[in-house]
Amino acid sequence: MNIAVLVKYIPNPEDTPKLGEDFRLVRVGVDGALDPGDEHGVEAALALAGADGEVTVVSMGPDPAVAAVRRALSMGAHKAILVTDDALAGADALATAKVLAAVLKRQPFDLIIAGVESTDGYTGTLPMTVAELLDLPNATFARHVQVIDGSIRIERQTEMGFDVVECPLPALVTVTAGANEPRYPTLRGIMQAKQKPTEQLSVSDLGLSPDQVKATQEVVGVEPVQTKEAGEIVEDASEAPAKVADFLAKAKVI
């Protein structure tokens, strides 16, 4: 199988994110890493590809984003494609989807895998937008993935358990953090990653103009989340029912 995995370089998720004066997340000059959610996508791709398949990681980001694709390569992916262009600074989810779709159109893939949502953006819309732009079926929130007779079959995570969803290949699938346990890169894998093919492209290489990838959304302000007030502890159990009833009445629940 020829599988593509969408991955993202994000500021170190263990650090406090920094916003610039334009309210954009600062991505250059700070520690960064492969999005932890994308490691599950890489792991799923490697398991499905087996010994005979090929896994290509596809990403978009500034120059430091090469660290993210190298992490995926060190896990076992075979090659990488990274789109880097100043015209993409501040790109929103739609612009990003257009770029990634343009990359994926350059060669056929049997399957495209992505995480459910990025750790730094949390839109959860990009994979489905990419599928729509490529006119592909998509199966989301997969906790288990199988390829059976030219189709993809997943267990789609739900609040009550899971649904079995099946669609023909080629297709796009998003995997949850519960889908697998990502492998740790070995020292040999880390060394080999530096030698694996990594193609870096610009917007013009994809046949796109700056206007086509211009952001259509703008952040005009950021406010801190309101601090939650401490709850009330009722020590006397005999008073609890009346206290709860009063609270619900004030909240206009009853």
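Strand 1 (residues 2-6) pairs with strand 4 in the parallel sense over five bridges; pairing requires at least two DSSP bridges between two strands. Ala-4 stands opposite Thr-56 in strand 4. This is a predicted model, in which local features need pLDDT of at least 70, side-chain atom pairs count only at pLDDT 80 or more, and totals for chains, interfaces and linings use all residues. Residues are numbered from 1 along each chain as its sequence is written, and side-chain values use heavy atoms, with hydrogens and water left out. Strands (E, at least two residues) and helices (H or I, at least four) are DSSP runs numbered from the N terminus.

The open sheet has nine strands in the order 9-8-7-10-6-1-4-5-11, and its pairing is mixed. Strand 9 (161-168) and strand 11 are at the edges with a single partner strand each, so one side of each has no neighbour in the sheet. On average, neighbouring strands of this sheet are turned by 30 degrees against each other, direction ignored. Axes here are lines fitted to C-alpha atoms, for helices over the stretch in contact, and angles run from 0 to 180 degrees between N-to-C directions.

Strand 4 (residues 54-60) is joined to strand 5 by five bridges, and the two run parallel. Between them the chain passes through helix 2, and this β-α-β crossover is right-handed, that is, clockwise from the first strand over the helix to the second with the strands pointing away from the viewer. Ser-59 has Leu-82 in strand 5 as its bridge partner. Of the five residues in strand 5 (residues 79-83), four are buried; buried means under 20% relative accessible area, exposed over 50%, and partly exposed in between (1.4 Å probe, protein chains only).

Strand 5 also runs parallel to strand 11, with four bridges joining them. Ile-81 has Glu-199 in strand 11 as its bridge partner. Glu-199 lies in strand 11 (residues 198-201) and is partly exposed, with a relative accessible area of 34%. Not counting residues up to four places away in sequence, Glu-199 touches Ala-80, Ile-81, Leu-82 and Arg-106, where contact means heavy atoms within 4.5 Å.

Helix 1 (residues 36-49) packs against helix 2 (residues 66-75) at an angle of about 35 degrees, with the axes 10 Å apart. In this contact, Glu-39, Val-42, Glu-43 and Leu-46 of helix 1 meet Arg-71, Ala-72 and Met-75 of helix 2.
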